[in-house]
Amino acid sequence: MTKEQLFALLKKNPIGVGCGLLSLALAAGIYFRGGEVPAATEELTQKSDEGSRLAANLQNAAQLKEQVDTLAACEKELQARLVYASQTLTNYQYFYKLESDTGAKMTVISQVPVAPPSKNAVKPLFTSVPFAITMQGTMPQMIDYLRRLESGARYCRVMSVTCGVPAAERGGLVTLALNLELLGQP
């Protein structure tokens with residue numbers, strides 16, 4: 001087929017030739033742009049997730065000021081209830097006040113030393129400050145002392161309790177030995 005015959009065929013069937021060229025161009029476009037579809041889908045997914053996250057942030061930010069104020073008040077209360085391991089005398093005053101309020105007699109009180117954390121360990125935000133206490137008094141005084149510890153000004157966790165009455169003195173004073181921890185900071 002010569003050039004003249006080819007041009008004559010093209011002029012004779014312009015719609016068929018145009019459709020064929022258009023089909024070839026579309027096929028080439030699909031072939032070359034087909035690899036971009038997964039990337040575009042992934043980008044759409046990321047943008048949709050980010051949009052959902054931002055919408056949730058806007059919805060949750062409605063009461064943000066009140067929530068921050070509540071957290072600040074809770075933090076202030078927490079700081080007021082903490083003890084500090086280095087302030088032994090101040091820590092003892094808490095137990096002496098409980099002793100005077102209940103009428104029980106404290107015979108032994110000691111702040112148990114805590115082993116220092118290793119050098120590579122992360123410094124904890126809070127720590128427990130252990131105490132060993134021995135008291136004598138009547139049973140109602142001991143129960144009142146424990147209740148005041150439980151609902152007192154400090155966060156307290158009783159680790160062990162030993163309560164007893166000497167065999168010779170069945171109607172006498174009760175002896176209470178406590179091992180407890182107060183929430184504090186180093």
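**Ground rules.** I worked on a predicted model, where local features need pLDDT of at least 70 and side-chain atom pairs count only at pLDDT 80 or more, while totals for chains, interfaces and linings use all residues. Residues are numbered from 1 along each chain as its sequence is written, and side-chain values use heavy atoms, with hydrogens and water left out.

**Entry 1: strands.** I took two strands as paired if DSSP finds at least two bridges between them. Strand β3 (residues 127-137) runs antiparallel to β5, with 11 bridges joining them; here Ala 132 has Asn 179 as its bridge partner. Strand β4 (residues 156-164) is also antiparallel to β5, over eight bridges, and Thr 162 is partnered with Ala 177. Strand β1 (residues 83-84) runs parallel to β5 and is joined to it by two bridges, with Tyr 84 partnered by Gln 185.

I then followed β3 to its other pairing: six bridges hold it antiparallel to β2.

**Entry 2: the core.** Which residues have the most contacts inside the largest nonpolar core? I found Phe 95, Ile 133, Tyr 145, Leu 149 and Leu 180, in a core of 20 residues. At least two core residues come from each of α5 (88-102), β2 (105-111), β3, α6 and β5, and β5 gives the most, with five. By nonpolar core I mean a set of buried Ala, Val, Leu, Ile, Met, Phe, Trp, Tyr and Cys residues joined through side-chain atoms within 4.5 Å. Buried means under 20% relative accessible area, exposed over 50%, and partly exposed in between (1.4 Å probe, protein chains only).

I also listed the contacts of Leu 180 (heavy atoms within 4.5 Å), not counting residues up to four places away in sequence; among them are Phe 95, Val 129, Ile 133, Leu 149 and Arg 157.

**Entry 3: salt bridges.** I noted six salt bridges in the structure, each a side-chain nitrogen of Lys or Arg within 4 Å of a carboxyl oxygen of Asp or Glu.

- Arg 157 and Glu 181 meet at 2.4 Å, N to O. This pair links distant parts of the chain, Arg 157 in β4 and Glu 181 in β5, 24 residues apart. Arg 157 is partly exposed at 48% relative accessible area, whereas Glu 181 is buried at 15%.
- Arg 81 and Glu 77 meet at 3.9 Å, N to O. They are four residues apart in helix α4 (residues 64-81), so about one helical turn separates them. Arg 81 counts as buried at 18%, and Glu 77 as partly exposed at 44%.
- Asp 101 and Lys 97 meet at 3.2 Å, N to O, about one turn apart in helix α5. I also saw that Lys 97, Asp 101, Asp 144 and Arg 148 are linked in a network of salt bridges.

**Entry 4: surface.** Is Glu 150 buried or exposed? Glu 150, in helix α6 (residues 139-150), is exposed, with a relative accessible area of 67%.

Leu 6 lies in helix α1 (residues 3-12) and counts as partly exposed because its relative accessibility is 42%.
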